[in-house]
Amino acid sequence: MNIGITVYPTYGGSGIVGSELGKELAARGHTVHFISSALPTRLTQLSERVRFHEVEMMSYPLFEHQPYTLALATKMATVAENENLDLLHVHYAIPHSISAILARESLKPNRRLPVITTLHGTDITLVGSDRSYLPVTRYGIAQSDGVTAISHYLKRATEETFGFDESRVVVIPNFVCGTEYRRRELPDLRAQLAPANEPLLAHVSNFRPVKRPVDCVEILARVRKQGVNARLVMVGDGSERGRAEHRARCLGVEEYCSFVGKQPEIVNYLSVADVLLLPSEQESFGLAALEAMACEVPVVASRVGGVPEVVTDGETGRLAAVGDVDKMADDAARLLADEEARRAMGRRARESALARYSTDLVIPQYLKFYEQVLAA
Ligand code: GMT
């Protein structure tokens with residue numbers, strides 16, 4: 001197949017999932033055309049089967065804001081014609097599904113271009129449900145030829161928010177490659193982050209308010225108060241990083257926190273971590289949790305959105321109410337103090353991740369869905 005994929009190139013889990021999906025499809029013999037404003041961060045290597053088409057934006061003094069949605073639609077239609085695309089698969093409803101529908105309509109009646117939209121989370125729960133975008137998000141979902149959501153929670157939230165019946169959205173979950181995401185031996189990195197081999201907590205996110213990274217620092221301070229000599233590595237960057245660093249100073253734990261910023265090799269940081277902290281306010285899936293589980297890292301997370309589908313409380317991690325940093329600290333301290341139990345939970349986490357979300361299980365679900373949409 002010739003597949004067009006659109007993602008947000010720099011920010012968020014949807015861009016990662018769309019990029020990894022494209023690479024997996026290419027590895028299975030399909031040709032994938034990424035259409036976006038910049039090269040997606042996870043797309044480090046282009047090839048005959050993985051190509052990139054940059055959306056060009058004309059600037060004009062009349063435009064206070066560049067009409068990206070229209071420029072994207074134009075590029076989608078051009079690529080569909082030039083590269084003979086079989087379908088367009090867009091990740092994140094706003095505005096990608098709208099651009100794709102415009103492209104599809106502009107090509108009629110000469111070319112058929114089915115549009116598949118994958119919903120990721122905030123495109124429904126925060127942005128799409130806001131009244132400034134709600135009607136157009138509903139339209140994008142209703143007019144797509146196929147719609148998938150990355151968790152059962154998100155499917156339900158979409159149906160409730162927009163009043164769709166349950167046939168509209170199909171669940172195809174996020175996935176992880178067990179060969180790439182496996183625990184590696186990295187003694188130098190471990191020694192850098194925990195010089196006296198102290199237990200190591202980790203947090204991986206884009207540091208937006210919804211991720212509550214400040215809670216991680218609160219948890220570290222409480223864990224240390226319980227007598228566990230833990231450290232914390234904070235991987236990623238975003239608007240809340242400054243607040244988290246400030247809070248670490250206020251709580252007197254800054255020397256035990258390493259803020260390492262954005263990192264290309266997340267798997268390295270997960271490999272040296274003992275527990276992942278994911279105290280998010282909202283999380284429709286929790287890709288960071290899945291990647292940690294594949295690296296045998298138990299997860300301490302908030303019981304929110306799709307997280308309970310990924311992390312089984314007591315089996316592969318521990319869940320608590322949003323903002324309950326006392327319970328999260330107790331859970332983390334207990335896991336850090338009992339190495340045997342923690343390692344057993346880590347092994348179960350990897351088993352559970354790969355038994356339900358490995359690429360070998362999930363990529364065929366996307367291919368089957370493409371075939372169904374094309375056959376309709
Ligand atoms: O929260 C983010 O990192 C951004 C956001 C996005 O759509 O780019 O992430 C959502 O998609 C991820 C990949 O499918 C999910 O793992 C995240 O749970 C989801 N984030 C939220 O729902 C807040």
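Visitor: What makes up domain 1 and domain 2 of the protein chain?
Guide: The assignment, which is automatic or taken from a database, gives domain 1 as 2-175 + 358-375 and domain 2 as 187-356. Their C-alpha centres lie 31 Å apart, and the contact, meaning heavy atoms within 4.5 Å, takes 22 residues from domain 1 and 16 residues from domain 2. This is a predicted model, in which local features need pLDDT of at least 70 and side-chain atom pairs count only at pLDDT 80 or more, while totals for chains, interfaces and linings use all residues. Residues are numbered from 1 along each chain as its sequence is written, and side-chain values use heavy atoms, with hydrogens and water left out.

Visitor: Why is α5 called oblique to α6?
Guide: The axes of α5 (residues 134-143) and α6 (residues 152-162) come within 11 Å and cross at roughly 120°. Angles under 35 degrees count as roughly parallel, over 145 as roughly antiparallel, 65 to 115 as roughly perpendicular and the rest as oblique, so α5 is oblique to α6.

Visitor: Which residues of α5 and α6 meet?
Guide: Leu 134, Thr 137, Arg 138 and Ile 141 of α5 meet Thr 158, Thr 161 and Phe 162 of α6. By class, this contact has three nonpolar, three polar and one charged residues.

Notes
Axes are lines fitted to C-alpha atoms, for helices over the stretch in contact, and angles run from 0 to 180 degrees between N-to-C directions. Helices (H or I, at least four residues) and strands (E, at least two) are DSSP runs, numbered from the N terminus. Ala, Val, Leu, Ile, Met, Phe, Trp, Tyr, Cys and Pro count as nonpolar, Asp, Glu, Lys and Arg as charged, and the others, Gly among them, as polar.
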